[in-house]
Amino acid sequence: MPKKVLVKIADKPKYPSSSVIQAACYEDYKRCIDTYDKIYEKINITLAFCAALVVVILPQFDYTIFINYEYKSDLEFLSIMILLCSSFFSVVFIIWALIQLLMLMRSKSIPVFDSIGSRNEEIYRWKPEDAELWLIDKYTYATNEIRTITKEKQIKYDSAMIKVLLSLLLYAVSTIISKGV
């Protein structure tokens, strides 16, 4: 009778693609952090532009023209009212945008990958696939949170930009009316 030989089959990895997925999660995490940082850069640039714009727009607003002006016709009265309203709303929109941008500069704490958490003796004993799955979980959680915060900031930034554009348009209308172009 032949002797039975037991051959031990090498442990196959449970999750062979985990290293690829972990690398992709890391790249996605880096992209999200970069996008978050770029929003702050855009806010800073827009804030500087708005500050300069306030210096230009505020002197344009002159409500005394409404009080001290002798109206010769209804059309002249209408043009003065349009001038006054466009100047007023131009100032309101640019100040509103400035406040909104300043509020966006406040930093909310964002979840980041905690590399200190990976310095755990227990994790060192895990199989590589299990450690990669742990990393995938940490990157995915942080990335989803960063995306949510970035989306909120982008929506608020877009709202501030609309106010800046409206302010510029209204300033152009008031300048055209006041200069008679």
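The model is a predicted one, and its secondary structure comes to five helices and zero strands. Of the 181 residues in the chain, 30% count as buried. A search of the whole structure finds three salt bridges, and the largest pocket has a volume of about 240 Å³.

**Overall fold**

- Followed along the sequence, the chain shows the pattern α-α-α-α-α, in keeping with a total of five helices and zero strands.
- Helix α1 covers residues 18-57, while α3 runs over 74-105 and α5 over 128-179.
- Trp-96 counts as partly exposed because its relative accessibility is 45%, and partly exposed is the class that lies between under 20% (buried) and over 50% (exposed).

**The salt-bridge network around Asp-28**

- Asp-28, Arg-31 and Arg-147 are linked with one another in a network of salt bridges.
- Asp-28 and Arg-31 both belong to helix α1, where they are three residues apart, or about one turn of the helix.
- The side chain of Asp-28 also meets that of Arg-147 in a salt bridge, with 2.6 Å from N to O.
- Because Arg-147 lies in helix α5 and Asp-28 in helix α1, this pair ties together parts that are 119 residues apart in sequence.
- Asp-28 has a relative accessibility of 18% and therefore counts as buried, whereas Arg-147, at 39%, counts as partly exposed.

**The salt bridge between Lys-30 and Glu-27**

- The side chains of Lys-30 and Glu-27 meet in a salt bridge, with a distance of 3.8 Å from N to O.
- Lys-30 and Glu-27 are three residues apart in helix α1, so about one helical turn separates them.
- Lys-30 counts as partly exposed at 35% relative accessibility, and Glu-27 likewise counts as partly exposed, at 36%.

**The largest pocket**

- The volume of the largest pocket is about 240 Å³, and of the 10 residues that line this pocket, the closest to its centre are Met-103, Leu-104, Arg-106, Lys-153 and Lys-156.
- Helices α3 and α5 each supply at least two residues of the lining of the largest pocket, and α5 gives the most, with four residues.
- Sorted by class, the lining of the largest pocket consists of three nonpolar, two polar and five charged residues.
- Lys-153, which is one of the residues closest to the centre of the pocket, is found in helix α5.
- Lys-153 counts as buried because its relative accessibility is 8%, and the cut-off for that class is under 20%.
- The C-alpha atoms of Lys-153 and Leu-101 are separated by 9.9 Å, while the two residues are 52 residues apart along the chain.

**The nonpolar surface patch**

- Leu-58, Ile-95, Ile-99 and Met-103 make a nonpolar surface patch of about 350 Å².
- Met-103, a member of this patch, is also named among the lining residues closest to the centre of the largest pocket.

Terms used
Residues are numbered from 1 along each chain as its sequence is written. This is a predicted model: local features need pLDDT of at least 70, side-chain atom pairs count only at pLDDT 80 or more; totals for chains, interfaces and linings use all residues. Side-chain values use heavy atoms; hydrogens and water are left out. On a 1 Å grid over the protein atoms alone, a cavity is a set of points where a 1.4 Å probe fits but cannot get out, and a pocket is an open set with protein on both sides within 12 Å along at least five of seven lines; lining residues have an atom within 4 Å of a point. Grid points are joined across faces, edges and corners, and a volume is the space filled by probe spheres set on the points. Ala, Val, Leu, Ile, Met, Phe, Trp, Tyr, Cys and Pro count as nonpolar, Asp, Glu, Lys and Arg as charged, and the others, Gly among them, as polar. Patches are made of residues with over 30% relative accessible area and no salt bridge: like charges are joined within 9 Å, nonpolar side chains (Val, Leu, Ile, Met, Phe, Trp, Tyr) within 5 Å. Accessible areas come from the Shrake-Rupley method with a 1.4 Å probe; for residues, only the protein chains shown count as cover. A salt bridge is a side-chain nitrogen of Lys or Arg within 4 Å of a carboxyl oxygen of Asp or Glu. Buried means under 20% relative accessible area, exposed over 50%, partly exposed in between (1.4 Å probe, protein chains only).
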